[in-house]
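Visitor: I would like to go through this model term by term. Please set each value against its definition.

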Amino acid sequence: MKLVNGFDLMEYAKKNNYVLPAFNTTNLEMTYAIANGLTEANLPGYIQISSNNLRLSNPRIIAEIARDAVKCSETPIGLHLDHGKSFEDVKACVEAGFTSIMVDASHLPYEENIAECKRTADYCHFYGIPVEAELGALQGKEEDIVNEAECKTDPDMVAEFVERTGCDVLAISIGNVHGLCLNPQIDIPLLAKINEVSSVPLVLHGGSGIPKEVIWECKKYGLIKINYGSDLRKEFVRTFGEEYEVDHNAHDVIHLSLAAVKNVSEKAKELVSMINEK
Ligand code: G3H
Ligand code: ZN
């Protein structure tokens, strides 16, 4: 298949009561692994990459690898810019063929966040691409960014924010955290309140470490997408680390890379199956 448009992927998910995992990639190996894992599970989801991780390559290269990774698959898979940090990155990803975009302006003052999200939505909607925006802030470590202060999403701000930005999906802060250093404490009643007032489906960042029973509960309240980064990255690093622990002269990159693809793929398959068990 070709990479699937984010609007179509969300429609497919709603119709089948799926929640879509968005798995963070960094490189060629993880990109193939994510596509393989979703295909083996035959469950839809996204390959995604953040602005921060695009430093290793660029949108065009990642999109080319993703297209190659999904071309023999019959499972709907999209390609998403995660935590898009600049309008330049947004334009480069749209140009490269990404099928879904997140603009992360949640660190800006409220009015600037709205303006940046609206600018991005107006641009991406010309190309029929959905836009994810974030209201609130997560604690934890997202690659190089450490955020100490949690700022849970205020339900009273949701309707206006969605209306004024034109976003198609909303990333929220309800006790979810980035990374593996903190334990997520998901506030389901808050999610239910947000779902009541949101006209768009909801996204949970910081999927690593959230128990499956909590995710199944969140599916009842508008959850359409859940992001996983650390759980997959750990599998990649573990593959090389375990070999090095045994042999400090280890240098068989091809076999370790193939093993890393297998390990990350198995984790992706495990996670997408787990979140859609119920
Ligand atoms: O945007 C990426 C995700 O929010 C990653 O979160 O590393 O806690 O799974 P995680
Ligand atoms: Zn995130």
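Guide: Let us start with a pairing. This is a predicted model. In β8, I172 is the bridge partner of L135.

Visitor: What makes β5 and β8 a pair?

Guide: The cut-off is at least two bridges between the strands. Strand β5 (residues 131–135) and β8 have four bridges. Therefore they count as paired. The sense is parallel.

Visitor: How do you know that β8 and β10 pair?

Guide: By the bridge count again. Three bridges join β8 to strand β10 (residues 202–204), and at least two are needed. So they pair, and they run parallel. In β10, the bridge partner of I172 is L204.

Visitor: Which way do the residues of β8 point?

Guide: V169 and A171 point one way from strand β8 (residues 169–172). L170 and I172 point the other way. In a regular strand, side chains alternate between the two faces of the sheet. V169, L170, A171 and I172 are all buried.

Visitor: What does "buried" say about H83 and H205?

Guide: Both are buried, which means under 20% relative accessible area. Only protein chains count as cover there.

Visitor: What makes the approach of H205 to ligand 1 a polar contact?

Guide: A polar side-chain atom of H205 lies 3.3 Å from an oxygen atom of ligand 1. The cut-off is 3.5 Å for N or O atoms, so the pair qualifies. So does a backbone N or O atom of G206, 2.9 Å from an oxygen atom of ligand 1. For a polar side-chain atom of N227 the distance is 3.2 Å. The protein covers 100% of the 300 Å² of accessible area that ligand 1 has on its own.

Visitor: Which residues are closest to ligand 1?

Guide: D82, G179, S208, G229 and S230, among 16 that surround ligand 1. By class, the shell has two nonpolar, twelve polar and two charged residues.

Terms used
Residues numbered from 1 in each chain as written. Chains lettered and ligands numbered in written order. Predicted model: local features only at pLDDT ≥ 70, side-chain atom pairs only at ≥ 80, totals over all residues. Heavy atoms only, no water. Buried < 20%, exposed > 50% of the residue type's maximum accessible area, 1.4 Å probe, protein only. Helix = DSSP H or I, 4+ residues; strand = E, 2+ residues; numbered from the N terminus. Near = heavy atom within 4 Å. Polar contact = N/O pair within 3.5 Å; in protein donor to acceptor, adjacent residues only side chain to side chain. Areas by Shrake-Rupley, 256 points an atom, 1.4 Å probe, with all protein chains shown as cover. Nonpolar A, V, L, I, M, F, W, Y, C, P; charged D, E, K, R; others polar.
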